[in-house]
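Reader: I have a model on my screen and want to learn how to read it. Please take me through its features one at a time.

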Amino acid sequence: MAVLWIYQKEHSNLISLQQKELSYKKQLIVELLKPMIANLYYWEQYHFNAGDFNPDTNTHLDKEIGDFLIGMDSYRQFRLINLSGTEVFRLDRKVNGQIVKSVAFQDKSNRDYIQMTKDLRKNQIYLSPLDLNQENGIIELPYKPMIRGVAPILDSLGNKLGVVVINFGASKLLDLLKKDNQYPFMLLDRSGNYLVSKETIKEFAHVIPNSQKFTFKEDRPQVWDSLNTEGSISLLQDGDLWVKTELDFKNEMSQTPLLKLKLADIKTTNKWVLLKHIDSKLINAGIKREIFAVLLINALVILAIFCMSFLETKSENSKREYFRNLELMNRELAVKSSELENKNHALAIIQNKLEVRNAQLLEYNNIVAHNLRAPTTSVSALVSMLTESKDFEEAKGYFSKLHKVTHAVNTLVDDLLTYVRILNEDHQLGLENIVLEPLIMASLDLYVESFDKETIEVKTDFRGWKEIKFSKIYMQSVIQNLLSNAIKYRGPNNKSVIHIRSLLENNKKVLVFEDNGVGMDLNRHGRDIFKLYKRFHRELSGKGMGLFLVKTQLESLNANIEVTSELGKGTKFKITFDSYE
């Protein structure tokens with residue numbers, strides 16, 4: 001009975017753990033592709049005209065679309081294709097990241113993704129299957145896995161001009177899926193073709209000319225048929241354990257804000273199977289370890305019972321020896337319990353990081369969708385007025401307005417590029433041991449003219465902790481932004497005091513910046529404190545960028561910032577550093 005219980009317990013634990021890992025991989029795929037939906041929707045609404053589909057008159061698109069591609073490093077191509085299936089505008093990302101405009105346009109009329117999108121209606125978005133990139137009808141070498149997103153382009157009268165196509169380079173995504181797999185991982189399409197396999201010769205064999213057509217469906221037909229049964233998540237066959245999760249693009253992407261609000265609709269046939277294979281030898285090895293542990297425990301229990309009866313007639317020294325043995329067993333159990341807690345903590349850290357990155361990507365999408373709409377609409381209206389102007393004097397009156405709007409758009413794009421670079425650089429930043437006091441004193445020297453001790457006084461207290469391992473560049477940026485805010489928003493009628501101190505709370509290092517300045521109404525503005533371009537004191541100059549960058553830089557390295565404030569009484573910023581020495 002004990003062996004059967006162990007066997008069932010081992011299988012249940014394996015299935016649960018592998019399901020969690022597959023769920024994280026599935027979430028990773030969805031989150032990396034979600035921005036593509038928002039980007040396609042944006043360009044569909046861009047107000048292209050017939051001239052934009054003429055290579056001789058669309059050069060004005062080079063910079064704006066090029067700047068867009070710079071910030072989206074997973075996009076390999078951006079193209080406009082006319083109704084006959086021919087490219088009329090194309091930007092390519094080279095291996096070194098350089099964005100290059102192509103003048104050699106190709107006829108794509110026979111490609112599947114063009115055939116599938118002939119009947120796309122307004123606000124419909126198509127996601128192609130994952131396959132290998134082709135140039136002039138030939139698969140490009142080295143192989144470049146791609147997913148293509150397509151949206152229709154209509155003019156102001158509703159006439160279809162063509163389509164916009166964005167190529168999502170999936171190489172990094174597939175590398176992430178292959179990484180850190182204890183057991184063999186496979187990614188299959190709806191037909192059982194290999195997209196990821198430990199045997200790389202099988203990957204994309206269904207689209208590579210003159211290659212042997214390996215498919216999971218043919219390699220293991222019984223496993224394929226059983227796992228394709230509705231509701232099936234695992235299968236035990238010939239001692240091997242198979243665990244699967246399905247990814248239906250249409251269902252998963254329907255949770256994105258655009259689709260949830262029915263502003264757009266997705267058209268795709270993509271349905272992937274994420275699969276884990278645990279060999280019977282590995283399972284049996286685990287079961288043998290469990291059986292050995294149970295037998296050992298049973299033996300120890302029998303021995304303990306014998307000892308208890310024997311010790312009743314022995315000296316106190318023998319009793320103490322027995323209790324020492326019992327304590328040793330308890331310690332071993334405590335070590336195993338601690339190991340389990342550590343694993344759960346590691347999973348929680350991964351989940352928290354994904355949630356933060358999801359929130360950052362959603363914030364980026366919201367900024368692009370909302371902040372760009374007003375200026376682009378204004379530009380369109382001003383261009384229309386310029387076109388209808390009767391003479392130069394009338395047109396001249398619109399130039400200053402047009403310049404103001406385009407300057408605002410350029411500023412927004414530059415700020416968005418800064419935001420994207422922070423998100424993309426978190427794994428590249430060098431961490432070093434930073435002594436806090438010299439760094440803060442160096443930052444205070446930048447504002448030496450403001451600290452005359454009659455109007456502003458700075459108090460410091462670093463007894464809580466003095467050093468931390470963090471990015472020096474980001475720490476300098478955070479300190480300077482918070483000091484600048486405290487100086488800029490000091491109270492007009494009293495001596496300003498800025499208090500900087502380090503604390504330890506719940507075994508975590510905390511840094512506090514507190515002032516007695518003008519403060520903020522958090523009931524009114526609390527949700528917008530760290531958002532881009534949000535300002536709460538119109539009488540003072542500012543752009544609304546500093547606190548947005550502070551929050552982004554801290555979150556990129558697993559730190560967070562909180563604010564408490566009251567009008568007329570001051571503001572306190574509290575930074576908590578997670579898992580740093």
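This is a predicted model: local features need pLDDT of at least 70, side-chain atom pairs count only at pLDDT 80 or more; totals for chains, interfaces and linings use all residues.

Reader: Which residues touch the most other members of the largest nonpolar core?

Author: The general idea comes first. In soluble globular proteins, nonpolar side chains tend to be buried together. A nonpolar core here is a set of buried Ala, Val, Leu, Ile, Met, Phe, Trp, Tyr and Cys residues joined through side-chain atoms within 4.5 Å. Buried means under 20% relative accessible area, exposed over 50%, and partly exposed in between (1.4 Å probe, protein chains only). The largest core has 63 residues, and Ile 29, Trp 43, Phe 78, Leu 80, Leu 187 and Trp 272 touch the most other members. Helix α1 (residues 2–44) gives the most to this core, 13 residues. Another core, of 36 residues, lies apart from it and includes Met 475 and Phe 577.

Reader: How are helices and strands assigned?

Author: They are DSSP runs, numbered from the N terminus: helices are H or I with at least four residues, strands are E with at least two.

Reader: Which residues of strand β10 lie on each side?

Author: In a regular strand the side chains alternate between the two faces of the sheet. In β10 (residues 185–188), Phe 185 and Leu 187 are on one side, Met 186 and Leu 188 on the other. All four are buried, and both faces are covered.

Reader: Which strands pair with β10?

Author: Strands of a sheet pair through backbone hydrogen bonds, either parallel or antiparallel. Two strands count as paired if DSSP finds at least two bridges between them. β10 runs antiparallel to β15 (residues 271–278) over four bridges. Two bridges join β10 to β11 (residues 194–196), again antiparallel. Take Leu 188: its bridge partner in β15 is Val 273, and in β11 it is Tyr 194. The β10–β11 hairpin has five residues between the strands, and there Gly 192 takes a positive phi near 85°.

Reader: Is Arg 79 buried or exposed?

Author: Arg 79 counts as buried, because its relative accessibility is 1%. It sits in strand β1 (residues 75–82). Now check its polar contacts (pairs of N or O atoms within 3.5 Å; within protein, one must be able to donate a hydrogen and the other to accept it, and residues adjacent in sequence count only if both atoms are side-chain atoms). The Arg 79 side chain makes one of 2.9 Å with that of Tyr 113, and one of 3.0 Å with that of Asn 167. Contact in general means heavy atoms within 4.5 Å. Beyond four places in sequence, the residues in contact with Arg 79 include Glu 87 and Arg 148.

Reader: What does the side chain of Arg 148 join through a polar contact?

Author: The partner is the side chain of Asp 131, at 2.7 Å. Arg 148 lies in strand β8 (residues 145–154). Arg 148 is buried too, at 1% relative accessible area.

Reader: What is the strand order in the open sheet of five strands?

Author: The order is β17-β19-β20-β22-β21, with mixed pairing. β17 (456–461) and β21 (559–566) are the edge strands, each pairing on one side only. Inside the sheet, β19 (residues 496–505) and β20 (residues 508–515) pair antiparallel over eight bridges. There, Ile 498 stands opposite Asp 515.

Conventions
Residues are numbered from 1 along each chain as its sequence is written. Side-chain values use heavy atoms; hydrogens and water are left out.
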